[in-house]
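Thanks for coming, everyone. I'll keep this short. Please look at the chain on the screen while I talk.

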Amino acid sequence: MNKTLNTIPAALLFIVLTSCGPQTESVKTTGGIPTAPPVSIEEELTSQTKELSEVQTEKLKQYIQLSETNEGQLRQQYILDMSEWLYEQLELKAAMSALEKLKPEYLSQSQIEKSRLLKIRILLSQGDYLQVLKTLPLSIEYLSRAEKIEILNIRAQAFLGADYAYEAIRTRIKLTPLLTDSLKIDDNQYTIWRIVNMMSLNSLRQINSLPLDNETKGWIELA
């Protein structure tokens, strides 16, 4: 045995001997750099919800548990419900993070529409107006009246937030015939008047020189 060991180079002998010792848990590396273990959904979302009460945090954990113990469309529905609940709690970052956990291949058509609208609401609340305008559907003909009202309302808010006052006015004029509640009609008209009065006289003159429909022209001339 000693004679055999004497013939093995020292470096190789060290490798052979150490490989026989107790094994420790290996650390995953990427390009030679150790990587941290993946963060769980619970850790990720709870770290983003500093304003939740203890009761609210427990409710969030219940949503997470339900999403993790189910599969397919039911799992997606619990994630969608969790994201909507977080949005209602004004936890916008966590709501968007939850929304990003959805798997499109498992979503029903109604879930797809609901998740897209929820994403738009979150973006609007975050003040990301240009992204809202990019995300909104170009055509709303296939939507219900209630959905059309919400989309046009969001579009008008996004246009105004992005400093496109004229487009905001035109969108609110399109919204008017869809409204049936007198208070909402009055509120929409008041908003149009407020936007028109925010515009400079030079801007109003430039717009008035464009080919306008009668209602838009009436608002501009009134201003």
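A residue counts as buried when its relative accessible area is under 20%. Over 50% is exposed, and anything in between is partly exposed. Keep those cut-offs in mind. One more caution: this is a predicted model.

Start with helix H6. Seven names to look for here: Leu92, Ala94, Ala95, Met96, Ser97, Ala98 and Leu99 are buried. H6 has 8 residues, and 7 of them are buried, so the helix is mostly covered. What do the buried residues of H6 pack against? They pack against H3, H5 and H7.

Now step back to the whole chain. It has 13 helices and 2 strands. There are 223 residues, and buried ones make up 34% of them. Take the contacts between residues at least 6 apart in sequence. Of these, 51% join residues at least 24 apart.

Is lysine 101 buried, exposed or partly exposed? Its relative accessibility is 26%, so lysine 101 counts as partly exposed. Leaving aside residues up to four places away in sequence, lysine 101 touches Glu44, Gln76 and Ile79.

Side chains of opposite charge can pair when their charged atoms come close. How many salt bridges does the model have? The count is 8.

Which helices does it tie together? Arginine 121 lies in helix H7 and glutamate 84 in helix H5 (residues 72-88), so the joined parts are 37 residues apart in sequence. Glutamate 84 is partly exposed, with a relative accessible area of 21%.

Both residues belong to something with more members. Asp81, Glu84, Lys114, Arg121 and Glu150 are linked in a network of salt bridges.

Arginine 116 forms a salt bridge with glutamate 113, with 3.0 Å between the closest N and O atoms. Both are in helix H7, 3 residues apart, which puts about one helical turn between them. An α-helix has 3.6 residues a turn, so residues three or four places apart point the same way. As for accessibility, arginine 116 is partly exposed at 29%. Glutamate 113 is partly exposed too, at 23%.

Last topic: helix packing. First, helix H4 (residues 54-68) against H5. Their axes come within 8 Å and cross at roughly 160°. H4 and H5 are therefore roughly antiparallel to each other. The crossing of H4 past H5 is left-handed. From H4, the contact uses Gln56, Lys59, Leu60, Tyr63, Ile64, Leu66, Ser67 and Glu68. From H5, it uses Arg75, Tyr78, Ile79, Asp81, Met82, Trp85 and Leu86. By class, that is 9 nonpolar, 2 polar and 4 charged residues. Two names return here. Ile79 is among the residues that lysine 101 touches, and Asp81 is part of the salt-bridge network.

Then H7 against helix H9 (residues 145-161). Here the axes come within 11 Å and cross at roughly 25°. That makes H7 roughly parallel to H9. This crossing is left-handed. H7 brings Leu117, Ile120, Arg121 and Leu124 to the contact. H9 brings Glu150, Ile151, Ile154, Gln157 and Ala158. The classes here are 6 nonpolar, 1 polar and 2 charged. Arg121 and Glu150 in this contact are also members of the salt-bridge network.

To close, go back to the screen and find H6. Its buried residues pack against H3, H5 and H7. Questions, please.

How values were computed. Residues are numbered from 1 along each chain as its sequence is written. This is a predicted model: local features need pLDDT of at least 70, side-chain atom pairs count only at pLDDT 80 or more; totals for chains, interfaces and linings use all residues. Side-chain values use heavy atoms; hydrogens and water are left out. A salt bridge is a side-chain nitrogen of Lys or Arg within 4 Å of a carboxyl oxygen of Asp or Glu. Helices (H or I, at least four residues) and strands (E, at least two) are DSSP runs, numbered from the N terminus. Buried means under 20% relative accessible area, exposed over 50%, partly exposed in between (1.4 Å probe, protein chains only). Axes are lines fitted to C-alpha atoms, for helices over the stretch in contact, and angles run from 0 to 180 degrees between N-to-C directions. Angles under 35 degrees count as roughly parallel, over 145 as roughly antiparallel, 65 to 115 as roughly perpendicular and the rest as oblique. A crossing is left-handed if the near helix is turned anticlockwise from the far one by less than a right angle, and right-handed if clockwise. Contact means heavy atoms within 4.5 Å. Ala, Val, Leu, Ile, Met, Phe, Trp, Tyr, Cys and Pro count as nonpolar, Asp, Glu, Lys and Arg as charged, and the others, Gly among them, as polar.
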